[in-house]
Amino acid sequence: MKHKFLPLIIFVAFSILFITSCSDDDDTAVSNVVTPPDNYNFVDDSGNSTVSFVGQTARLNMAIQLSSGMKDNSKTKAQLTEMFKDGTGFADGVSNSTKQVRAKTFSTSSILGHSATVVTTFDGWIDDFFTNVKPNWSTTAANGTAGKLSDASRTVYINAKGQELNQLFTKGLIGGLAADQMINGYLASSKITASVKAANDAGTPYKDGKNYTALAHYWDEGFGYLYGLEADPKNPTLSGNGDVLLNKYLGKVDGSSQAGIAKIIYDAFVMGRAAIVAKNYTVMEAQAKIIKIHVSKIIAQKAYDYLNDYKKMTDAGKPAEAIHDLSEGYGFIMSLQATNDGSDKPYFTASEVNAMLAKLDNFWTVTTADTDALAAQIKAKFGL
């Protein structure tokens, strides 16, 4: 996928890619022209990269193993809890990391307004899987009974409410970890706009020995939650890298109902980072808004799609496929409270999301009329 900045499409509302600022000491005008590179490649005067998002790559790798662990009956509750809460117990060199997933899940409650305790829902899913689903691995699932459900094309292992817990868990992390940290954390107004941008972009490094400022690093960390597992972030492919969170689903919506969205988001990241280098904060803030809106569309689109897929599979007489789709849809709906309309407000508040989830509480009693109504609600809000 070749990336090239699209000024007329993306930046039509900001047709001039520079601002004029005046010195405090005189009236000399200084032009802050933003000239973006072709890709996310930023270096210092010595040619060394100034881009760093190793913590984000670590957490994305953790998410892969957590997702797998939530459907592995050879694991234990203690193992998954350690991985989720402590950031240890992982394979392939991820264990003993100083990073954690749980501490970063729905952690921006002071900004978006979702509850700081929503992460305990994930704890409950881990407990439910190992307390109820795992012991009933060979039991035929039914309303009120955890176990196994199969159709001609799929077998799912579900709780007493018919929920496939690893799908709730993983899709909940898409909004609760990847999107929330990116658009409500690192690109939040509290980090990148007027009152703090000058201090965060001062000439001193982010930390001793680093060749980037805090502002540049915040932007990179936001970038890392989407592209942190790409083999070459300068040329993202959105496939085959193992990412189970936003990167995977950006590829899916870009290849279907939201064609071109991947380029819009990537180019906005490039332009915003170039604007930081040029100290053109007006351009930077405009790109942050583009990213917030379009990342939110990924979540909304997939919530809408999976609700519709549930109906298709139900009508086709494939109950296991239907349960699988509804479980994914549930996680994406939960993630809607982490969306951002560009002004640091969610498209759906936590209260609205909780009301939607309440309608899906027991999958055995959910009807296609219920899912149709929720899909229509999401479509109306996002204009899908």
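Entry 1, a charge and a ring. I started at K302, whose charged end sits over the ring of Y306, 4.8 Å from the ring centre. I kept in mind that the model is predicted. I then looked up a second case and found the charged end of K381 over the ring of F348, at 5.2 Å from its centre.

Which kind of aromatic pair do Y306 and F332 form? I noted a stacked one, with 5.9 Å from centre to centre and 20 degrees between the planes. The angle is under 30 degrees, so the pair counts as stacked. Y306 belongs to helix 12 and F332 to helix 13 (residues 319-335), so the pair links parts that lie 26 residues apart in sequence. I checked burial too: Y306 is buried at 7% relative accessible area, and F332 is buried at 0%.

My count came to 24 aromatic pairs. One of them is F84 with F169: the ring centres are 5.3 Å apart and the planes stand at 65 degrees, so I put this pair down as edge-to-face. F84 is in helix 3 (residues 77-86) and F169 in helix 6, so here the pair ties together parts 85 residues apart in sequence. Both F84 and F169 are buried. I also listed one aromatic cluster, made up of Y40, F42, F53, W219, F223, Y227, Y266 and F269.

How do helix 6 and helix 12 run relative to each other? I found that the axes of helix 6 (residues 165-186) and helix 12 (residues 281-315) come within 10 Å and cross at roughly 170 degrees. Helix 6 and helix 12 are therefore roughly antiparallel. Next I looked up who meets whom: I174, G175, A179, M182 and I183 from helix 6 are in contact with I291, K292, V295, S296 and I299 from helix 12. Sorted by type, the residues of this contact are 7 nonpolar, 2 polar and 1 charged.

I counted 15 helices and 4 strands in the protein. Of its 384 residues, 52% count as buried. For contacts between residues at least 6 apart in sequence, I noted that 69% join residues at least 24 apart.

Notes
Residues numbered from 1 in each chain as written. Predicted model: local features only at pLDDT ≥ 70, side-chain atom pairs only at ≥ 80, totals over all residues. Heavy atoms only, no water. Axes fitted to C-alpha atoms, helices over the stretch in contact; angles between N-to-C directions. Helix = DSSP H or I, 4+ residues; strand = E, 2+ residues; numbered from the N terminus. Parallel < 35°, antiparallel > 145°, perpendicular 65-115°, else oblique. Contact = heavy atoms within 4.5 Å. Nonpolar A, V, L, I, M, F, W, Y, C, P; charged D, E, K, R; others polar. Phe/Tyr/Trp six-rings, centres within 6.5 Å; stacked < 30°, edge-to-face > 60°. Buried < 20%, exposed > 50% of the residue type's maximum accessible area, 1.4 Å probe, protein only. Lys NZ or Arg CZ within 6 Å of the ring centre and 35° of its normal.
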